[in-house]
Amino acid sequence: MSVTELYRTIPAADADVRAADVRAAVDAAQAAYPGWAATGAAERRTVLLGAAHLLEERTEALAGILRQETAGSLAWAEFNIRLAAGQLRQGAAMATRPVAELLGGGADRAGSVGREQAGVVVSFVPWNGSMVYCARAIAVTLAVGNTVLIRPGADAPVMSGIIIADVLAEAGLPTGVVNLVANDHADAPAAVEALIADPRVRRVTVTGPVGAGRAVGRLPAQRPGR
């Protein structure tokens, strides 16, 4: 395959209906959140470990997909897959990590502090090393019971996010827990704004250029009640 040939067409958040596309993705994540948050920590860990195993088991085939999309080397593709699997395993370890604290309150009483899931999380993933960044962005988020929207950069290899979502689903992740929103360059500002403006989005993670970081930092402050 020539590097000038079209590799694949991926549905994007269209300029005319982008708000509806983004809203549908947030709808799916919000609907899946209560069930995933209530899922036992051991089961969440099992899903992440299963996805990591599938990545490692299919390294050769998946490396071929990444090379077709990016024209990268075999060593680069395999490195990304192995590192992504490692990120999922690290996230799995967090699922059963104790998170409560016991506070002394005197001789006859004590208090405890626990932590709850945040809800829907949006993860902005850059173009370079997108397989690794996808896995890193969502592993711990999923492990502790949140749902995720992956939003790759407009230049990012989109198949990385799709591969991660596919192996997670095959490992038992319920529908809607992980979602992917792609968009064209021209629609990027509106797609980012639509994601962050939705009040159901409770957390945002971003790895990318300074301009993207500034936008992600500025937009939440404009939301009512935040």
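Visitor: In what order do the elements of the protein chain run from the N terminus on?
Guide: This is a predicted model, where local features need pLDDT of at least 70, side-chain atom pairs count only at pLDDT 80 or more, and totals for chains, interfaces and linings use all residues. Residues are numbered from 1 along each chain as its sequence is written, and side-chain values use heavy atoms, with hydrogens and water left out. Helices (H or I, at least four residues) and strands (E, at least two) are DSSP runs, numbered from the N terminus. The order is α-α-α-α-β-β-β-α-β-α-β-α-β-α.

Visitor: How many helices and strands does the protein chain have?
Guide: Both kinds of element occur in the protein chain. The count is eight helices and six strands.

Visitor: Is Ala85 buried or exposed?
Guide: Ala85 sits in helix 4, residues 74-95. Buried means under 20% relative accessible area, exposed over 50%, partly exposed in between (1.4 Å probe, protein chains only). Ala85 has 0% relative accessibility, so Ala85 is buried.

Visitor: Which residues does Ala85 contact, leaving aside neighbours within four places in sequence?
Guide: Contact means heavy atoms within 4.5 Å. With those neighbours set aside, the partners of Ala85 are Ala52, Leu55 and Glu56.

Visitor: How far apart in space are Ala85 and Ile164, C-alpha to C-alpha?
Guide: In sequence, Ala85 and Ile164 are 79 residues apart. In space, C-alpha to C-alpha, the distance is 9.4 Å.

Visitor: Which residues of helix 6 make the contact with helix 5?
Guide: Helix 5 brings Ser130, Met131, Cys134, Ala135, Ile138 and Leu142. From helix 6 come Ser160, Gly161, Ile163, Ile164 and Leu168.

Visitor: Where is Ala71 found?
Guide: Ala71 has a positive phi of about 65 degrees although it is not a glycine. Most residues other than glycine have a negative phi. Ala71 is found in the loop between helix 3 (59-70) and helix 4.
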